[in-house]
Amino acid sequence: MAIEVTSVHERRPRLPRLRRLDSASRKHVAALESARKRRIIFRSALAALAGLVLMGAVLLVNSYINYSKLVDERLANGYLTSRAGIYA
């Protein structure tokens, strides 16, 4: 295993400067950036929709459990023993 030791005062080589892009390359880069932004927005919207669907499912399951307990309690107490209870 080799370890490279450098001095604090040693200068690092500079990176080459980027050349100027011609108009076709600029358009291509702009199109790529635009596609990336659209992809981020789409994924964010999809995640928000999935969250809403999950919250709705939790709400429905919770409501079902609460109302099923209520119906079971009323049936156990003889709620439907009279004719009025049956028609209600």
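The expected span of a helix is 1.5 Å times one less than its number of residues. Helices are DSSP runs of H or I with at least four residues, and strands are E runs of at least two, numbered from the N terminus. This is a predicted model, in which local features need pLDDT of at least 70, side-chain atom pairs count only at pLDDT 80 or more, and totals for chains, interfaces and linings use all residues. Residues are numbered from 1 along each chain as its sequence is written, and side-chain values use heavy atoms, with hydrogens and water left out.

The protein chain has two helices and zero strands. Helix 1 has 54 residues, which should span 80 Å at 1.5 Å a residue; its end C-alpha atoms are 79 Å apart, so the two values agree. Just after helix 1, glycine 78 takes a positive phi of about 80°.

Next comes the surface. Of the 88 residues of the protein chain, 1% count as buried (under 20% relative accessible area; exposed is over 50%, and partly exposed lies in between, with a 1.4 Å probe and protein chains only). Arginine 36, which lies in helix 1 (residues 23–76), counts as exposed because its relative accessibility is 51%. Leucine 46, also found in helix 1, has a relative accessible area of 47% and is therefore partly exposed.

Both residues belong to surface patches. Patches are made of residues with over 30% relative accessible area and no salt bridge; nonpolar side chains (Val, Leu, Ile, Met, Phe, Trp, Tyr) are joined within 5 Å, and like charges within 9 Å. A salt bridge is a side-chain nitrogen of Lys or Arg within 4 Å of a carboxyl oxygen of Asp or Glu. Arg36 gathers with Lys37, Arg38, Arg39 and Arg43 in a patch of positive charge. Leu46, with Phe42, Leu49 and Val53, makes a nonpolar patch of about 420 Å².

How values were computed. Accessible areas come from the Shrake-Rupley method with a 1.4 Å probe; for residues, only the protein chains shown count as cover. Lys and Arg count as positive and Asp and Glu as negative; His and the chain ends are not counted. The place of a charge is taken as NZ of Lys, CZ of Arg, CG of Asp or CD of Glu.
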